[in-house]
Amino acid sequence: MELLSLREMIARHVKPGQMLALEGFTHLIPFAAGHEIIRQGIGDLHLVRMTPDLIYDQLIGMGLVRELTFSWGGNPGVGSLHRLRDAVEQQWPRPLAWHEHSHAGMAAAYTAGAAKLPFGVLRGYIGTDLPKHNPQISHVECPYTGEKLATVRAVNPDVTILHAQQVDARGNVLVRGILGATREAALAAKAVLFTVEEQVEKLDAPMNATVIPHWVVSAAAVVKGGAWPSYAQDYYPRDNAFYQQWDEIARERGSFRAWMEHHVLGTADHRAFLQRIGEGRAAS
Amino acid sequence: MSYSKDEMMTVAAARLLTDGTTCFVGIGLPSAAANLARLTHAPDTVLIYESGTIGTRPEVLPLSIGDGELAETADCIVPLPEIFSYWLQGGRIDVGFLGAAQIDRFGNLNSTVIGDYDHPKTRLPGAGGAPEIATHARRIFIVLRMSPRSFVPQIAFRSSGGFFEGGDSRERAGAPGAGPEVVITDYGILRPHPVTRELQLSGIYPGVDPAAAQAACGWPLAIAAELEQIPAPSQEHLDALRALHARTDRAHSTLHPLPL
């Protein structure tokens with residue numbers, strides 16, 4: 001593990017054309033890392049995430065995404081991801097290929113990826129149309145019972161990027177709260193990058209806490225507030241008001257581009273991004 | 001006493017949850033109904049959200065399936081792959097509480113697409129956790145406002161299976177759970193015919209004409225031989241629901257300090 005600036009970590013580890021997973025199930029979504037990928041213009045990506053959320057809406061709308069593997073593509077509790085919809089419905093700003101799962105299927109694909117198995121198995125997709133449209137879903141007959149079970153091809157990202165609460169002096173990372181498929185996505189990947197809220201001498205980690213050991217982590221960057229507008233349990237809450245505002249911002253191509261240029265491309269780092277969000281709130 | 005159609009629907013859905021039920025909850029109307037039950041007549045309802053929060057008791061309705069409120073008030077939090085494998089597929093869920101964009105006469109759900117899948121007219125968010133909830137939960141409750149656009153003869157895409165092609169086709173396909181037991185709408189309640197499994201109007205809300213329910217349904221909606229007259233919401237349920245929504249609106253519009 002090496003501790004880097006976010007800019008250097010992304011520049012060094014994220015390359016055009018890669019399969020990337022920025023995970024975190026509603027919680028701990030690595031927004032700052034996604035924004036840095038946008039600032040550096042790293043494109044032609046195959047993105048993997050259970051819930052694409054606002055961060056993939058932004059990457060897709062900025063034209064950096066070639067393929068998407070996912071299982072639920074909405075703005076939680078609000079409605080559509082308008083940039084994802086525009087890419088699928090109107091091929092704007094570029095055509096998007098997509099591979100669609102259920103959550104249980106995606107979870108099995110990450111779990112198989114972490115175990116370095118070629119596929120995951122589940123009693124899933126029964127009576128659904130998803131297998132007809134996604135060749136990554138197939139079936140096997142159980143050798144013991146003869147039952148027909150669904151399979152999903154393993155997902156092994158080139159790079160998985162995650163956000164967490166703490167990194168210690170040796171580079172061990174503590175993840176607390178809703179975990180999603182954090183551990184599975186980390187262990188399925190060839191390289192694992194973390195942004196964290198803070199560096200501490202010793203992790204605030206009771207026995208059996210979720211700790212990703214330092215020798216699994218390729219690099220980490222301390223980015224305070226790095227999950228905003230998602231959240232970091234015990235640090236700051238989910239900004240539900242922003243998630244609701246995003247519906248309006250992203251609805252039209254023009255308002256989306258203007259917002260991205262002002263807030264992401266027009267700022268040097270995540271602190272400046274948050275300051276700009278704050279300026280906008282003070283003015284309104 | 002006056003109440004809205006949505007309030008009637010939410011209370012009718014909540015009343016179907018009995019105390020001590022283990023319930024896997026989707027966001028939106030299902031979450032409102034399940035929490036209303038927990039806050040009133042069914043305090044020991046165990047709510048499970050797909051984010052891995054088990055036995056959660058939120059004070060306000062979560063906007064997302066993974067709000068911190070759900071984690072802070074849970075008995076335990078497990079990794080997401082585990083919630084789907086050990087808990088749902090493991091057969092530990094009594095009731096799966098689902099919504100959708102569209103439903104057909106056999107209770108199959110579409111939350112994926114309107115139009116052609118590869119070239120959609122309207123792309124919807126997709127299936128998420130619902131396909132396996134619909135497969136594995138012992139009983140399925142569905143909450144959905146009724147209109148000819150949402151209750152359709154043919155769904156464009158089957159995201160989650162109900163009774164498939166009707167009859168015993170669900171059982172023959174090997175789905176462990178019993179399938180949709182009830183569809184709670186803003187006109188009344190639909191239940192499957194015991195043999196054909198076609199949904200039919202089995203209960204009607206006060207002051208609602210069954211013909212109006214039939215007009216709001218996209219297929220010729222049959223009416224059960226005995227049509228239950230569903231009582232109006234109690235004052236206790238209405239007060240609890242309104243207070244829950246008021247707390248929720250306040251919480252979701254609160255501007256929190258930025259993490260600078």
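**View 1. The largest nonpolar core of the predicted model.** This core holds 165 residues. L59(A), F194(A), A33(B) and L36(B) touch the most other members. Helix α5 of chain A, residues 103-114, gives the most to the core: eight residues. In soluble globular proteins, nonpolar side chains tend to be buried together.

**View 2. The surroundings of L36(B).** Neighbours within four places in sequence are left aside here. Contacts then run to T10(B), V11(B) and A14(B), and also to H237(B), A240(B), L241(B) and L244(B). T10(B), V11(B) and A14(B) are among the buried residues of α1(B). L36(B) is also one of the residues that touch the most other members of the largest nonpolar core.

**View 3. Helix α1 of chain B and its cover.** The helix spans residues 5-15. Nine of its 11 residues are buried, so the rest of the structure largely encloses it. The buried residues are E7(B), M8(B), M9(B), T10(B), V11(B), A12(B), A13(B), A14(B) and R15(B). The cover over them includes two helices, α2 (29-39) and α8, of chain B. It also includes the chain B strands β10 (139-143), β11 (180-184) and β12.

**View 4. The open sheet of chain B.** Ten strands are ordered β4-β3-β2-β1-β5-β10-β11-β12-β13-β14, with mixed pairing. Which strands stand at the edges? They are β4 (76-77) and β14 (223-229) of chain B. Each has a single partner strand, so one side of each is left without a neighbour in the sheet. Strands of a sheet pair through backbone hydrogen bonds, either parallel or antiparallel.

**View 5. Strands β12 and β13 of chain B.** Strand β12 covers residues 188-192, and β13 covers residues 199-204. The two run antiparallel and are joined by five bridges. One bridge partner pair is R191(B) with Q200(B) in β13(B).

**View 6. The hairpin of β8(B) and β9(B).** Four residues link the two strands. Strand β8 of chain B takes in residues 113-115. Its pairing with β9(B) is antiparallel, over three bridges. V113(B) stands opposite R123(B) in β9(B).

**View 7. The side of chain B that touches chain A.** Here 46 residues of chain B are in contact with 55 residues of chain A. Elements of chain B that each supply at least two residues are α3 (68-72), α4 (80-89), β9 (120-123), α5 (130-136) and α8 (235-253). The largest share, four residues, comes from α4(B). By type, this side of chain B divides into 22 nonpolar, 18 polar and six charged residues.

**View 8. The loop residue I178(A).** I178(A) sits in the loop between β12 (173-175) and α7 (182-188) of chain A. Is I178(A) buried or exposed? I178(A) is buried, because 28 other C-beta atoms lie within 10 Å and the cut-off is 20 or more. T26(A) is 152 residues away in sequence, yet the C-alpha to C-alpha distance is 8.3 Å.

**View 9. Chain B as a whole.** Chain B has eight helices and 14 strands. Its C-alpha trace spans about 55 × 45 × 40 Å along the principal axes. The radius of gyration is 18 Å, which agrees with the value near 18 Å for a compact globule of 260 residues. Buried residues make up 54% of the chain.

Conventions
Residues are numbered from 1 along each chain as its sequence is written. Chains are lettered from A and ligands numbered from 1 in the order in which they are written. This is a predicted model: local features need pLDDT of at least 70, side-chain atom pairs count only at pLDDT 80 or more; totals for chains, interfaces and linings use all residues. A nonpolar core is a set of buried Ala, Val, Leu, Ile, Met, Phe, Trp, Tyr and Cys residues joined through C-beta atoms within 7 Å. A residue is buried if 20 or more other C-beta atoms lie within 10 Å of its own, exposed if 12 or fewer, and partly exposed in between; C-beta atoms are placed from the backbone. Two residues are in contact if their C-beta atoms, placed from the backbone, lie within 7 Å. Two strands pair if DSSP finds at least two bridges between them. The radius of gyration is taken over C-alpha atoms; the globule rule is 2.2 Å times the number of residues to the power 0.38. Ala, Val, Leu, Ile, Met, Phe, Trp, Tyr, Cys and Pro count as nonpolar, Asp, Glu, Lys and Arg as charged, and the others, Gly among them, as polar.
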